[in-house]
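Here are my notes on this model, written for someone new to reading structures. Keep the sequence and the 3D view open as you go.

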Amino acid sequence: MDINKNTNILQPMINLIELIASNLGTLLVNSFHYLALFLIGAAIVWSASFEFISMMDKGAASIEDILLLFIYLELGAVVGIYFQTKSMPVRFLIYVSITALTRLLLELVFDWHNINYINIIIVCGGILLLAGSILVLRYASYHYPSHQNK
C-alpha cells in the first residue's frame, strides 16, 4: 500500500515534468523549423540574386536563365507557404520539377549539334508523368479532402 500512496503523491510532480518536457520539446522543434526556413529562404534569395547579377554581367538573359529564376521563385513560394501553414505543398514541388525538366529540355533542344532524341523523349515523358501526378493529386484532394480542408 505504501507504493500506491507514494505514486499518488508524486503524480503531480511527474505530470509537471512531462508538461515542461513537452513544452520544451515543442519550443525546440518550432525554433528549428523557423531557423531552417529562414536559412533556406536566405539561400534561395542569395542564389537567385547571384544568378540575376550573372545575367546582368552577360548583358542578356537566355530562356534557361529565366526558367532558373522561376525555379527560385517557386522554391521561395514553397518556403513561404510552409512558413505560414506548416504543411509542405507537394504540388508546388512538382511544379518546380516540371520547370527544371523544361529547362533541361530546352538545353537539349538548343544543343542541336549533338542532339540525342532518346534523352528528349525521356525528359518529355518525365514532364508528362509529373503533370499526370498533379492531376491525380488535385483529383484526390478535391474528392477526398484531408481533415484540415473540411
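1. Start with a term. A helix here is a DSSP run of H or I at least four residues long, and helices are numbered from the N terminus. With that in hand, find Trp46: it sits in helix α1. Keep in mind that this is a predicted model.

2. Is Trp46 buried or exposed? Exposed means over 50% relative accessible area. Trp46 has 60% relative accessibility, so it counts as exposed. Now look across to Tyr72. In sequence, Trp46 and Tyr72 are 26 residues apart. In space, their C-alpha atoms are 10.0 Å apart.

3. Ala48 is also a residue of helix α1. The cut-off for buried is under 20%. Ala48 has 18% relative accessibility and therefore counts as buried. Beyond its neighbours within four places in sequence, Ala48 is in contact with Leu69 and Tyr72. Compare that with Asn30. Ala48 and Asn30 are 18 residues apart along the chain, and their C-alpha atoms are separated by 27 Å.

4. Which residues make up the largest nonpolar core? There are 9: Leu37, Ile44, Ala48, Leu68, Ile71, Tyr72, Val79, Tyr82 and Val96. Two elements each give two or more residues to this core, namely α1 (2-58) and α2 (63-85). The most comes from α2, with 5 residues. As background, nonpolar side chains tend to be buried together in soluble globular proteins.

5. Val79 is then in contact with Leu37, Ile40, Gly41 and Ile44. Another core lies apart from the largest one. This other core has 7 residues, including Ile94, Ile98, Leu105 and Ile127.

6. Asp65 is placed in helix α2. Its relative accessibility is 6%, so Asp65 counts as buried. What does Asp65 touch, not counting residues up to four places away in sequence? The list is Glu51, Met55, Lys58 and Ala60.

7. Now the helix pairs. Two packed helices are described by the angle between their axes and the distance between the axes. For α2 and α3, the angle is about 170° and the axes are 9 Å apart. Over 145 degrees counts as roughly antiparallel, and α2 and α3 are therefore roughly antiparallel to each other. From α2, the contact includes Ile63, Leu67, Leu68, Ile71 and Val78. From α3, it includes Phe92, Val96, Ala100, Leu106 and Phe110. By class, the contact of α2 with α3 has 15 nonpolar, 2 polar and 4 charged residues.

8. Move on to α3 (residues 90-110) and α4 (residues 117-143). Their axes come within 10 Å and cross at roughly 160°. So α3 and α4 are also roughly antiparallel to each other. The crossing of α3 past α4 is left-handed. Among the contact residues of α3 are Val90, Ile94, Ile98, Leu101 and Leu105. Among those of α4 are Ile120, Val123, Ile127, Leu130 and Ile134. By class, the contact of α3 with α4 has 17 nonpolar, 5 polar and 2 charged residues.

9. Finish with Ile127, which is found in helix α4. At 18% relative accessibility, Ile127 counts as buried, because the limit is under 20%. Where does its chain distance stand against its distance in space? Ile127 and Ser97 are 30 residues apart along the chain, and their C-alpha atoms are separated by 8.2 Å. Leaving aside neighbours within four places in sequence, Ile127 is in contact with Ile98, Leu101, Thr102 and Leu105.

Terms used:
Residues numbered from 1 in each chain as written. Predicted model: local features only at pLDDT ≥ 70, side-chain atom pairs only at ≥ 80, totals over all residues. Heavy atoms only, no water. Core = buried A, V, L, I, M, F, W, Y, C linked by side-chain atoms within 4.5 Å. Buried < 20%, exposed > 50% of the residue type's maximum accessible area, 1.4 Å probe, protein only. Contact = heavy atoms within 4.5 Å. Axes fitted to C-alpha atoms, helices over the stretch in contact; angles between N-to-C directions. Parallel < 35°, antiparallel > 145°, perpendicular 65-115°, else oblique. Left-handed = near helix turned anticlockwise from the far one by under 90°. Nonpolar A, V, L, I, M, F, W, Y, C, P; charged D, E, K, R; others polar.
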